[in-house]
Amino acid sequence: MSTRWFRAETPECALWHLAQGATAVAGGTALLSAAFSPTIGSRAVALAWPDDPATIGEVTARRTLAALADDPGAPAALSIAAQSAGNPATRRRATLGGWIALRAYATDVVAPLLALRANVELITGAGRHTMAYDTYLRDSPSTVHLVAGVTFPERPLWSQYSRHALRATPGPLGVGVAAATFADATEIAVSGVGIPAVQLRFPRDLTLGEARDALRSRLSPDDHRAASRQLERIFREL
Ligand SMILES: Cc1cc2nc3c(=O)[nH]c(=O)nc-3n(C[C@H](O)[C@H](O)[C@H](O)COP(=O)(O)OP(=O)(O)OC[C@H]3O[C@@H](n4cnc5c(N)ncnc54)[C@H](O)[C@@H]3O)c2cc1C
């Protein structure tokens with residue numbers, strides 16, 4: 001089967017192609033990896049509009065992981081995750097929108113966005129919508145949509161991310177742990193291969209032992225060992 005390619009220079013044009021059954025291709029890096037590859041089908045639409053300048057509390061979808069890694073306005077846990085994913089060539093092409101839209105638990109974006117209480121900005125035929133990232137991850141909308149970016153309703157006082165990779169690179173994440181402290185609580189999230197994302201909320205003055213104990217019943221012994229090592233790193237930064 002051959003694929004016909006189209007170029008969308010606006011989100012509206014991309015949505016039209018998606019409604020005709022096209023697959024969206026942003027950086028296109030998921031197509032390069034057996035672990036992440038979507039089925040592209042007979043019609044593909046390249047998302048080619050320029051990235052909007054990001055404002056505080058918002059990161060736009062066309063931003064590459066390399067740009068996100070260097071963005072002082074992005075929450076630390078997300079920038080560190082962007083810096084940790086893949087290799088330099090992948091990070092220069094892969095976009096935040098594609099990273100989110102893959103909805104793969106074995107990617108580095110999951111734990112930080114859960115811990116940061118992120119919302120996803122979606123564009124559908126009916127306009128723009130905001131959805132909790134948690135809901136998007138577990139129950140993606142059935143309507144044709146584009147991921148336009150993420151917003152953070154509340155800035156964390158502090159956030160961190162640490163990952164354990166099964167292999168160096170290329171390869172999916174083993175276990176990734178993110179933590180974010182807000183005025184009312186500390187959020188910890190864990191994701192990785194075979195882990196359908198664990199999300200826990202603690203009082204602000206959480207200790208390493210309490211975090212480790214709470215995760216014990218939620219993870220396999222191997223994953224718990226790997227997550228505990230990442231928690232130790234995170235707590236060293238506190
Ligand atoms: C060698 C290699 C190593 C990797 N290592 C890691 C790693 O260590 N950690 C990690 O987290 N990831 C890793 N990845 C995966 C990588 O992060 C994803 O491939 C990438 O983030 C996807 O972004 P993209 O812009 O290239 O999306 P694409 O590949 O273009 O698209 C991915 C999916 O999202 C859809 N899509 C794209 N943009 C949008 C949008 N704006 N709205 C709606 N749908 C959209 C596409 O239709 C497709 O289904 C690796 C990939 C490779 C090739």
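Predicted model: local features only at pLDDT ≥ 70, side-chain atom pairs only at ≥ 80, totals over all residues.
Let's start with confidence, element by element: β4 has the lowest mean pLDDT in the chain, 82, while helix α6 (residues 110-115) has the highest, 98. pLDDT is the predictor's confidence in each residue, from 0 to 100. Helices (H or I, at least four residues) and strands (E, at least two) are DSSP runs, numbered from the N terminus. For the chain, the mean pLDDT is 91, and 95% of the residues reach 70 or more.

Residues are numbered from 1 along each chain as its sequence is written.

Now, the sheet. In what order do its four strands lie? The order is β4-β7-β5-β6, in an open sheet with antiparallel pairing; two strands pair if DSSP finds at least two bridges between them. β4 (58-60) and β6 (127-132) are the edge strands, each pairing on one side only. On average, neighbouring strands here are turned by 30° against each other, direction ignored.

Let's look at one pair. β5 (residues 119-124) runs antiparallel to β6, and six bridges join them. Within this pair, L122 stands opposite H129 in β6.

Next, helix α1 (residues 11-19) lies across β5 and β7 (145-151), at about 135° to β7. Axes are lines fitted to C-alpha atoms, for helices over the stretch in contact, and angles run from 0 to 180 degrees between N-to-C directions. Contact means that C-beta atoms, placed from the backbone, lie within 7 Å.

Technical notes
Contact = placed C-beta atoms within 7 Å.
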